[in-house]
Amino acid sequence: MVIPIAKPAIGEEEIRAVTEVLKSGNLAQGKKVEQFENDFSRYVGTKFAAAVSSGTSALQIGLQSLGIQKGDEVITSPFTFAATANAIIHCGARPVFADIDSKTFNLDPEKIKVSQRTKAVVCVHLYGQPCEMDSLTKVCRDNKLKLVEDAAQAVGAEYRGRKIGTFGTVSTFSFYATKNLTTGEGGMILTSQKDIAEKSKIIRNQGQTEQYRHEIISYNFRMTDIQAAIGIEQLKKVEYLNKKRAENARFLTDSLSSLNGIETPFVPRHVKHVYHQYTIKVQKGRDSLLNFLNNHGIGARIYYPQPLYLQPPYVKMGFKKGLCPVTEEICRQVLSLPVHPLLSQKELEEIVKNVKDGIRV
Ligand SMILES: *Cc1c(COP(=O)(O)O)cnc(C)c1O
């Protein structure tokens, strides 16, 4: 038996919706994209949305639409997928890494150090766990910084009863195949500011303000109606899919929290975690537990094995080991177990059994 770390939950509804688009003859950006934008912004609770080709392009466009450019600095977490900081660099700006909180794995607001050049903070709701928004929004307000939420892993998550994606001036989502809501590839920019929404739509479409009038040099970052049709159906299921993830997480935590040597996820009472990943901390022998699980058919993975600033291009930019000691320590401890909504009870029990066996060897 092999239990993968992720599995897209695609049903007949998505297949029917895609078939309909294929038969319509309108395959590129059109009515379905517009409907998906409306549905998605209504679900999260912002006024405007721009659907794009990926979570990465959503981040880049979001930052560009805020005016982030060469000479600017943008503060973010080093404990994230590469796209978060890469998008800052694609805008010509410099990423500045602030260390994380060892319990939530998210940016620690107290570690944020602002300079003359700092223009924005990109916070990442890692694994589906909301960042500490009270203190983060305060830091941004006090220092007149724009807040961008990288909510790629956190669709449906909540902080004090309010949806993640409504706190930043801009928030961005990814619909990559492993994410809680998928369109295969895809992304979304949300905002409640009309000018930012309009600018995002210009940037995603070759800088065009009207057909064949190109105000800026830009890109093709559009989403297709095929993807949007999948997204519309996925959005109807996302609450159910997130509920399944939470139930699976509860089973794992109930079964594993008393084990010596591991720590199950910390979830403060005021947040709703959507478990894009279920990530435990292993104090000693994380890599041997990982190997044991993989050898026994459990698709456990490390997200992420290194702080972003120790990736080769960042080392070349001058970043050095020791910059964010909490992140460096956490990178040695984290282990993500399958938690996706299609897991059966038998598979959940198999995961628990193997963690218990593996932690002893
Ligand atoms: C997936 C992800 C992205 C990038 O999204 P893509 O759709 O793969 O381009 C950015 N940030 C985080 C935190 C992600 O998990």
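Buried means under 20% relative accessible area, with exposed at over 50% and partly exposed in between, using a 1.4 Å probe and protein chains only. I wrote that down before anything else.

**Ground rules.** I'm working on a predicted model, where local features need pLDDT of at least 70, side-chain atom pairs count only at pLDDT 80 or more, and totals for chains, interfaces and linings use all residues. Residues are numbered from 1 along each chain as its sequence is written, and side-chain values use heavy atoms, with hydrogens and water left out.

**Whole chain.** I looked up the secondary structure and got 11 helices and 15 strands. Both are DSSP runs numbered from the N terminus: helices are H or I with at least four residues, strands are E with at least two. The radius of gyration is 20 Å, close to the 21 Å from the globule rule for 361 residues, so the chain is as compact as a globular protein of that length. (That radius is taken over C-alpha atoms, and the rule is 2.2 Å times the number of residues to the power 0.38.) The C-alpha trace spans about 65 × 55 × 35 Å along its principal axes.

I also checked burial: 56% of the 361 residues are buried. Then I looked at contacts, meaning heavy atoms within 4.5 Å. Of the contacts with a separation of 6 or more, 70% are between residues 24 or more positions apart.

**Strand 9.** Is strand 9, residues 187–191, enclosed or open? Five of its five residues are buried, so the rest of the structure largely encloses it. Gly187, Ile189 and Thr191 point one way, Met188 and Leu190 the other way, and all are buried.

Next I looked for its partners; two strands pair if DSSP finds at least two bridges between them. Strand 1 (residues 48–52) pairs with strand 9 in the antiparallel sense over five bridges, and I found Phe48 opposite Thr191. Strand 8 (residues 170–174) also runs antiparallel to strand 9, joined to it by four bridges. There, Thr172 stands opposite Ile189.

I then turned to an open sheet of three strands, with order 7-6-13 and antiparallel pairing. Which strands sit at its edges? Strand 7 (162–163) and strand 13 (271–272) do, each pairing on one side only. Strand 6 (residues 158–159) is joined to strand 13 by two bridges, and the two run antiparallel.
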